[in-house]
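Thank you for making time this morning.

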Amino acid sequence: MSLQVILFWILAVISILSAIGVVVAKNPVHSVLLLIVTFFDIAGLYILLNAQFLAVVHIIVYAGAIMVLFLFVIMLMNLNASGEPQKNNLVKFAGVISGGLLLLVLVAALRKADTGMLMQGATDIGLVKNLGKVLFKDFVLPFEVSSILFLSAMIGAIVIGKKD
Amino acid sequence: MPIQNYIWLAVALFSIGVIGVLIRRNAIIIFMCIELMLNAVNLLMVALSKYHHDASAQIFVFFIMVVAAAEVSVGLAIIVMVYRHTKSVDVNILNRLKN
C-alpha cells in the first residue's frame, strides 16, 4: 500500500465518523465543530487529488466563513442548551431506513460502473495558473453572473434580517 | 488507487446527509446536513475531474461553493427571523405557515 492509499483511508474513516457525529450530536455546537472536522478532511482529500486551489478555497469559504456564520447564529440564539424536541422513534427509524435504502440503490447502481484507476503522480489541472486560465477564458460569463448572485444574496439577507 | 473508493466515500457522505435531513428537527442542523451533501458531490466531482483530466469540473465545484455561500447567508437570515417570531428553530413550528 502506498502512502497515498493509507492517507485516503485515514481521511475517509475520519470524515465518515465525524459526519455521523454531525447527525447524532445532541448539542448543535458539537455538530458544527464536527462538521468543521469533516470539511478539513475533505480539504485533505482535495490535496490528495492534486486540487490545491480548491482545497485552499474550501478551507477559506467553508471553515472560515460558512461555519463561523453557523456558530454565530447558534450562539446568538443561545441554542446550545440542547433542549431540542426530538422526533419520535418511528419517524427516526423510517428516516434511517429510507436513507439506507438510498445508499443501497446508489451502491447497486454504481457497483458495475467504470472501474478505472486514478493515475498516480501529480497533474497540473488543479493549480491556480491553469484554473485561472479556464475560469477567465471559458467561464467568464458565469463568473460575472455569480457576482450578481452574491449581490442579490447580500441584499436579500439584509432585507430579511432587518427589524420591521 | 481505484476511482471507486472516492465514489463510495461520496455516496456514503451523501446518504449520511440525507439521513440527517430526515431525522432531525432543528432547522440549523438540517441546513448543515445540506452542506454535507453539497460537499459529497464536490468531492466526487474533483475525483472525476482528475480521472478525466478535465479542469471544467473543478470550475464547477468552485461555482457550487459560491452558490452554497449565498444560500447559507439567505437561509440563516430566514432562520433568525423564524426564531425571532416563534422563539424556536423547530421545523414542525413552520406548519403554522399553512393558515
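The largest nonpolar core in this predicted model has 60 residues, and the ones with the most contacts inside that core are A:Y46, B:A10, B:I28, B:M32, B:L36, B:L43 and B:V46. Which helices supply at least two residues each to this core? From chain A they are helix 1, helix 2, helix 3 and helix 5, and from chain B they are helix 1, which covers 3–23, helix 2, which covers 27–52, and helix 3, which covers 56–86. As general background, nonpolar side chains in soluble globular proteins tend to be buried together.

Let us take one residue of that list, B:L43, and ask what it is in contact with once its neighbours within four places in sequence are left aside. The partners of B:L43 are A:I42 and A:L45 from chain A, together with B:Y6, B:L9 and B:A10 from chain B.

Now to the contact between the chains, where 69 residues of chain A are in contact with 55 residues of chain B. On the side of chain A that touches chain B, at least two residues each come from helix 1 (3–24), helix 2 (28–48), helix 3 (52–76), helix 4 (89–110), helix 5 (128–137) and helix 6 (140–161). Sorted by class, that side of chain A has 48 nonpolar, 17 polar and four charged residues.

Two pairs of helices show how the chains meet. In general, two packed helices are described by the angle between their axes and the distance between the axes. Helix 1 of chain A packs against helix 1 of chain B at an angle of about 10°, and their axes are 9 Å apart. Because angles under 35 degrees count as roughly parallel, helix 1 of chain A is roughly parallel to helix 1 of chain B. Among the residues that meet here are A:F8, A:A12 and A:I16 from helix 1 of chain A, and B:L9, B:L13 and B:I16 from helix 1 of chain B. The residues of this contact divide into twelve nonpolar, three polar and no charged.

The second pair is helix 3 of chain A and helix 2 of chain B, whose axes come within 12 Å and cross at roughly 175°. Are these two helices roughly parallel or roughly antiparallel to each other? Helix 3 of chain A and helix 2 of chain B are roughly antiparallel, because the cut-off for that word is an angle over 145 degrees. Helix 3 of chain A contributes A:L54, A:I66, A:F70, A:V73 and A:I74, while helix 2 of chain B contributes B:I28, B:M32, B:E35 and B:V46. By class, this contact has eight nonpolar, no polar and one charged residues.

Finally, let us turn to two loops. A:N50 sits in the loop between helix 2 and helix 3 of chain A, and B:H53 sits in the loop between helix 2 and helix 3 of chain B. Phi of A:N50 is near 60°, which is a positive value in a residue other than glycine, and phi of B:H53 is likewise near 60° and positive. Is B:H53 buried or exposed? B:H53 counts as exposed because it has 9 C-beta neighbours inside 10 Å, whereas A:N50, with 19 other C-beta atoms within 10 Å, is partly exposed.

Conventions:
Residues numbered from 1 in each chain as written. Chains lettered and ligands numbered in written order. Predicted model: local features only at pLDDT ≥ 70, side-chain atom pairs only at ≥ 80, totals over all residues. Contact = placed C-beta atoms within 7 Å. Helix = DSSP H or I, 4+ residues; strand = E, 2+ residues; numbered from the N terminus. Nonpolar A, V, L, I, M, F, W, Y, C, P; charged D, E, K, R; others polar. Core = buried A, V, L, I, M, F, W, Y, C linked by C-beta atoms within 7 Å. Buried ≥ 20, exposed ≤ 12 C-beta atoms within 10 Å, placed from the backbone. Axes fitted to C-alpha atoms, helices over the stretch in contact; angles between N-to-C directions. Parallel < 35°, antiparallel > 145°, perpendicular 65-115°, else oblique.
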